[in-house]
Amino acid sequence: MSEPDANWPRAKPPLRDRYSASGVDIDAAHQAVERYRDIAAGWRHPAQLEGIGAFAGAFRLPGDERRALVASTDGVGTKTLIAAALRRYRTVGADLVNHCVNDILVLNATPLFFLDYLAVGKLDAAIAGEIVAGVNDACRAHDTALLGGETAEMPGLYEADHFDLAGTIVGIVDVDAIPNIERVQAGDAIVGLPAHGLHTNGYSLARATIPQEEWAAYGDALLAEHPSYYRSVRAIQDVADVKAMAHITGGGLADNVPRTLPATCKAIFEQSRWTVPLFIADLVRRSDLPHDERYRTLNMGIGFTLIVSTADAMKALAAVPEAKVIGWIEAREPGEPAAVIHPVRTA
């Protein structure tokens, strides 16, 4: 899960929501990040730049202050448990790369190279090869070098058939091309790119909701690849002025889009403007997720957002047909929430 932004207030959630009951405490993650900020507050490298909502970190390129390296580290999460149970390994490698590409894309970076980390309880060369083949496929699709990585066999820490998968990506961007979220203003449109499933978040809830004997029946939906939005974003940027972007991961629309807004703005979403995938809708129903929790726990069918002027919105949709205008920006008064999501109205 990407690091949350500490600069905007969020509504206090229930003491025991469904996601925390499945073993994942989003609020504990926010508290941990606040501690990390305190630890790092005493020293900062002079070449380090502020990131947007901390989806990635930026560092001025030595010898060329006009450009910056952009880096991010992430993992696939407990999706690996489902992959291991179903013995379907290749897609999680692509999930990892695509997730990291999307994180640095928020800062408009082009990926340069990638390193993976695979930890296992018992090393099986064929399985490890299948996982890394997925990593390699996704790197090749982005013309990104797979420099190497680390494979660690750790019996006792992991069950024999379990594994963990993480990776680090480094990209490059012109400093002047990093989006300036202060340009976002009331009246702008929010363009959403569709999610193909849970991507790499919400799997602890899915595993707690769907019995393991049903995983094979839901296999294609559970292991649907986390897509890269790189080419779609570049196509939109060719025709529209993109002011800010967000990768919809842990925290959903409710937490991630506000990370890329100025304090004077709020995001308004209308669920009727896009379709929630059937599998996600079924998971919401089976887990009895209340309205606020579902948009904080799951992506709810939107994997990436871009903010453009109203005048550019139709150009964006023409460039990427699957894109939709899913909401708009309004002025935000002190004490108001940074994101409001209107549900589909029923008779």
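The side chains of D137 and R90 meet in a salt bridge, with an N to O distance of 2.9 Å. Here a salt bridge is a side-chain nitrogen of Lys or Arg within 4 Å of a carboxyl oxygen of Asp or Glu. The pair links distant parts of the chain: D137 lies in helix α5 (residues 125–141) and R90 in helix α4, 47 residues apart. Helices (H or I, at least four residues) and strands (E, at least two) are DSSP runs, numbered from the N terminus. D137 is partly exposed at 37% relative accessibility, and R90 is partly exposed at 36%. Buried means under 20% relative accessible area, exposed over 50%, and partly exposed in between (1.4 Å probe, protein chains only).

The model is predicted; local features need pLDDT of at least 70, side-chain atom pairs count only at pLDDT 80 or more, and totals for chains, interfaces and linings use all residues. Residues are numbered from 1 along each chain as its sequence is written, and side-chain values use heavy atoms, with hydrogens and water left out.

A search of the whole structure finds 14 salt bridges. Among them, D64 pairs with R66 at 3.0 Å, N to O. D64 is buried at 14% relative accessibility, whereas R66 is exposed at 65%. A network of salt bridges links D64, R66 and R67. Another salt bridge joins the side chains of D312 and K315 (3.4 Å, N to O). These two residues are separated by about one helical turn, because they lie three residues apart in helix α12 (residues 310–319). D312 is buried, at 11% relative accessibility. K315 is partly exposed, at 43%.

Strand β2 (residues 57–61) runs antiparallel to strand β3 (residues 64–75), and five bridges join them. Two strands pair if DSSP finds at least two bridges between them. A58 stands opposite V70 in β3. The two strands form a hairpin with two residues between them, and G63 in the turn has a positive phi of about 90°. Strand β3 also runs antiparallel to strand β6 (residues 163–174), through nine bridges. There, D74 has G167 in β6 as its bridge partner.

The largest nonpolar core holds 92 residues. Such a core is a set of buried Ala, Val, Leu, Ile, Met, Phe, Trp, Tyr and Cys residues joined through side-chain atoms within 4.5 Å. F163, L193, L253, F269, L298, F304 and L306 touch the most other members. Helix α4 (residues 90–105) supplies the largest share of this core, eight residues. Contacts of F304 (heavy atoms within 4.5 Å) include N102, L105, V191, Y229, M245 and H247, not counting residues up to four places away in sequence.
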